[in-house]
Amino acid sequence: SKNSNEFKLNAYLDSIKDCMECSLGKSRNKIVLGMGDPNADIVFVGEAPGKEEDIQGLPFVGRSGKLLDKMLEAIDLSRKKVYILNVLKCRPPENRDPLPSEIEKCEKYLKKQLEIINPKLVVSLGRISAMTLLKTKESLKDLREQKLSYEGIDFLVTYHPAALLRNPNLKKYAWEDFKLIRDNYING
Ligand code: URA
């Protein structure tokens, strides 16, 4: 039921919030576990917390997050109606790429969160979460065009908002992806 889902997710997050399994546990300010509706139909998965996320303890609250909010708004969603999380729960120093060893330790948390939320659709923002969950090495460009699935859940790969900020020419592709989400997974 709805309430038991929320209870289960909160209890689970509480059990992992003091994680010290890798060295990022020592350098983090706040752990960033996720936010949104524990009963969401759609879950967005980013890469790792950045500076602002590490300060606030919330995912996608910096520049990338502002763009993500605009994109959600454009398809009549908000971060209250979806769930947003990352592959890594702690910020890598200087925002360097996550190490394979860090992903290996952290991926069980992501998988358990998805198991509890059990959404209709997982959206990978960038290729890191697709690599992690689907064990693929394909490029984002190739992954984007495919109908993928993870544990029976539809899985879609789109550009990371940071990539769209760096290269606004890619926004038209992300907009196609978001329209697909709107037309197939909202009020459906
Ligand atoms: N980029 C990410 O991948 N995740 C965040 O939470 C913020 C920026």
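So, keep in mind that this is a predicted model. Let's start in the sheet with β4, residues 121-125, and β6, residues 153-158: these two strands run parallel and are joined by 5 bridges.

Let me put the whole sheet together for you. There are 6 strands, and the sheet is open, with the order β1-β3-β2-β4-β6-β5 and mixed pairing. At the edges you've got β1 (35-36) and β5 (148-150), each of which pairs on one side only.

So where does the mixed pairing show up? Look at both sides of β3. With β1, the strand runs antiparallel, and 2 bridges join the two; Met-35 is the residue standing opposite Ile-84 there. With β2, the pairing is in the parallel sense, over 4 bridges, and Gly-46 has Asn-86 in β3 as its bridge partner.

While we're on β3, have a look at where its side chains go. In general, side chains in a regular strand alternate between the two faces of the sheet. Here, Tyr-83 and Leu-85 point one way, Ile-84 and Asn-86 point the other way, and all of them are buried.

As a general point, nonpolar side chains in soluble globular proteins tend to be buried together. The largest nonpolar core in this model has 57 residues, and the ones that touch the most other members are Ile-42, Phe-44 and Ile-181. Which element gives the most to this core? It's α5 again, with 7 residues.

Glu-94 sits in the loop between β3 and α5, and it has a positive phi of about 55 degrees although it isn't a glycine. Is Glu-94 buried or exposed? Exposed, with a relative accessible area of 72%. The other one is Asn-118, in the loop between α5 and β4. Its phi is near 50 degrees, again a positive value in a residue other than glycine, and at 53% relative accessibility Asn-118 counts as exposed too.

Last bit, zooming out. The chain has 9 helices and 6 strands. Its radius of gyration is 15 Å, close to the 16 Å that the globule rule gives for 188 residues, so it's as compact as a globular protein of that length. The C-alpha trace spans about 40 × 40 × 30 Å along its principal axes, and 51% of the residues count as buried. If you take contacts with a separation of 6 or more, 72% of them come from residues 24 or more positions apart. And for the surface, the chain exposes about 10000 Å², with carbon and sulfur atoms supplying 48% of that.

That's my tour, thanks.

Methods. Residues are numbered from 1 along each chain as its sequence is written. This is a predicted model: local features need pLDDT of at least 70, side-chain atom pairs count only at pLDDT 80 or more; totals for chains, interfaces and linings use all residues. Side-chain values use heavy atoms; hydrogens and water are left out. Two strands pair if DSSP finds at least two bridges between them. Buried means under 20% relative accessible area, exposed over 50%, partly exposed in between (1.4 Å probe, protein chains only). The radius of gyration is taken over C-alpha atoms; the globule rule is 2.2 Å times the number of residues to the power 0.38. Contact means heavy atoms within 4.5 Å. Accessible areas come from the Shrake-Rupley method with a 1.4 Å probe; for residues, only the protein chains shown count as cover. A nonpolar core is a set of buried Ala, Val, Leu, Ile, Met, Phe, Trp, Tyr and Cys residues joined through side-chain atoms within 4.5 Å.
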